[in-house]
Amino acid sequence: MLLELNGISKSFLGVRVLDGVGLQVRAGEVHAVVGENGAGKSTLMKIASGAHQPDAGMIHLDGDPVSFRDPRQAQAAGIGIIHQEFNLLPERTVAQNVFLGREPTRRGLVDLRAMHERTEELLASVGQEGISPQATAGTLGVARQQVVEIVKALSLDARVLIMDEPTASLADHEVELLYALVRRLQERGIGILYVSHRLKEVFDLSSRITVLKDGKLVTTLDTAATSPEALVRHMVGRELAHYYPPRATATPGPARLALKAAGNRKLHAIDLELRAGEVVGIGGLQGSGRSSLARAIFGVNRFSTGEMFLDGSPLHVRSPRHAVRAGIAYVTEDRKAEGLVLGQSVLDNAMLALRAVTPTVAGRAARAVGIRELLAGVQVHAAGERQEVRFLSGGNQQKVILARWLAMKPRILLFDEPTRGIDVGAKAAIHDLIRRLADDGAAVLMISSELPELIGMSDRIVVLRDGRVAGELPAGPPEESVVGLATGAGS
Amino acid sequence: MTAEATLPSRWRFGRLTGIGPILALLAVLLMVIAIRQPSFYDPPSLLAFLKRAAPLVILAAGQYFVIVAGDFDLSVGSLVTAEVVIAARLIDGDPAMTWPVVALMIGFGLMVGLANGLITTALRVPSFITTLGMYLILVGAVYTWTGGSPRGALTEEFRLLGRRGIEGIPFLQQLPYAVLVLAGIATIAVVLMRSDFGKVLLAVGGNPRAAALSGARVNLMRVIAFLISGLFAAVAAVLLGGFGGVSFQVGAGLEFTAITAVVLGGVVLGGGRGSVIGAMLGAVTLEVLFTLLNLFGVSGALKSAVQGLIIIAAVAIGRTRRN
């Protein structure tokens, strides 16, 4: 056995992200690791490559126990990692990048010729003679930059290569190049840990698949003996522990917002209707365009093609301010970076949109009273309205943002991961609020990575994949259907 | 809010902590002065002190708006110099020119502020660089335009604002115009910061992304902050021209003194935190400190070293207190 991870556990800030996980990689094997967002894949890879240290568990390399204090030690032992984002210096040449920090020298000077020759050999050894060692790294396409990363790992005599979502930034035709490269590495006896959301790749390349869920090992399967459908069942299988507010009973009203073939750099030909009174869930993997969709509707990065209609009349949203004035509200995914002004008070945060969009001198007192009622309505627990929001819990912070938007009386609300990092009690309260808003006639769009939430809250679910609508599901679909559409396993 | 929500005593305390330290420091310095030179507290001498402090307090108020929005304005010192030198040459001793030129000075201050704001927002040049460049441009332009030494003269009418006051007031003897101007500017600044504009400006400095996603016109707000800074610098220039006289030194270093005052007043560099009252109190405190150094016979040459120490200490203390 080339690499063996046994009983690996890891906690961050008291939250257990890995719990006794183990897997083995054989020489010349492609071992896929799959799981939903937050399953612990990335943490496990970081532990294997020395970026994190496990709280418990053992790593064996060639049967000998090893422990890495940092990625350098892991590299020296023969474990390389290719990240989603590359670490190349864009202004340097390919050869300089490959030998960064350990350039071959002659009489104290960098031996350029030796460096170029060795880079050329390495490139040739993986069938990439087309890349010049003297090319500037930043001018290469994404796929070729990835090749340089891999060659860099090989130059360190890597015997285990970890690839974390290697195709995330590749175009379709570039994926073929990666496939060829992976097979070539396999022939050389290198063991590959292949993390991917895309089940097609997993089935095309791997010989075994390890499934993680909520930080635990579900199972390790032989690829030949399983199917995408069975794999998806392993990935999602769980109990529904949380109760969601009852869905809309009345038939939804007229379309508040409609998109016709709308697109931009990240989205392609999106058709979507949000009707008054319904909660439309948006499912999909990270990077599938979910947040881009909300941001485009809200005017952050606009649609460049297609049309958007608001209550039946065309509307081209120019800016978030324009969207707010048109009656659209957007609760962002990242509360701290994009939602709150952490150093300002509960009251100031709740009044931000009102003050920014409709500043007034007259009636300010009345307006503050209105905001206080809203804060009471969403049940913010704080030491006082003057308390700075940074001292509030995640749930209370989210309620302050909700109050901010409720003050604008929006007709369309866009929620991006509305309950991420929020405790169970506040979660239920926010779910109730979202449902109440819909019942009162708002059109709600809700993005969620958490499948139970997505399924429990939505009146229908639109699943995105690679910036396109992969399909639409009615209320309460099985998790497998959502994951199937999101990963393309069903097709 | 839930039932346990409103605890008035706590939020009052919370607000006080903002300007608490600067008030305490000011009180200590004032006590030292009381011991060393009790005559400082005679009303005429106190007013004379305020008259002297007025330009810096006004500059600090202007600088506050820019800093709290997350930017810097390094151009105000040279703007003051430019204004005074330009005024002297244009008025050239002709009383009829006084008021048109004062109006022109105000307009020029706004124009420089507008340029700073537009370059910083539309061209995305960091304000530190924009206003540093503007500082150099103004210095160079004024030197070139005057051929190396200031020409012309200010009229007595012009100097009135900086030097004189309403005479014959019982007990005070004279109420300086500069103090009245200061009171006006301070009122405008406080009202602005209590308004919706002020609260949104704080949000822009605290988290521009969140402000923009809530519908704020972030760039417009930042431009307005630079406009206010330019306007206030022009007002300070009118007072300083009357008070000091025409030279290339009149505004030298004032941008750093103003920034020191703002930071001393508890305003956080980078934006989003601090009150305009604190910034103005910071300027008063700085002037009191300079008065004290003078009383103790410390060389004026040390002034800039003291300022340097203060600005580093104030920022360092602010950082450690927040973490």
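Across the interface of chain B and chain A, the rule finds 4 salt bridges, a salt bridge being a side-chain nitrogen of Lys or Arg within 4 Å of a carboxyl oxygen of Asp or Glu. One such pair joins A:E388 to B:R273, at 2.6 Å from N to O. The model is predicted: local features need pLDDT of at least 70, side-chain atom pairs count only at pLDDT 80 or more, and totals for chains, interfaces and linings use all residues. Residues are numbered from 1 along each chain as its sequence is written, chains are lettered from A in the order in which they are written, and side-chain values use heavy atoms, with hydrogens and water left out.

The side of chain B that touches chain A draws at least two residues from each of α1 (8-36), α8 (196-206) and α9 (208-213) of chain B; helices here are DSSP runs of H or I with at least four residues, strands are runs of E with at least two, and both are numbered from the N terminus. The largest share, 6 residues, comes from α8(B). By residue class, this side of chain B divides into 12 nonpolar, 6 polar and 9 charged residues, where Ala, Val, Leu, Ile, Met, Phe, Trp, Tyr, Cys and Pro count as nonpolar, Asp, Glu, Lys and Arg as charged, and the others, Gly among them, as polar. In total, the contact (heavy atoms within 4.5 Å) takes 27 residues from chain B and 44 residues from chain A. The two chains bury about 2,700 Å² between them, 53% of it on carbon and sulfur atoms; buried area is the accessible area (1.4 Å probe) that two parts lose on being put together, summed over both.

Over all chains, the count of salt bridges comes to 27. Side chains of opposite charge can pair when their charged atoms come close. Within chain A, A:D62 and A:R159 form a salt bridge with their closest N and O atoms 2.6 Å apart. This pair links distant parts of the chain, 97 residues apart: A:D62 lies in the loop between β4 (56-61) and β5 (64-66), and A:R159 in the loop between α5 (142-155) and β9 (160-164). A:D62 is partly exposed at 41% relative accessibility, a class that lies between buried (under 20%) and exposed (over 50%), computed with a 1.4 Å probe on protein chains only. A:R159 is likewise partly exposed, at 33%.

A further salt bridge in chain A connects A:R198 with A:D466, at 3.9 Å from N to O.
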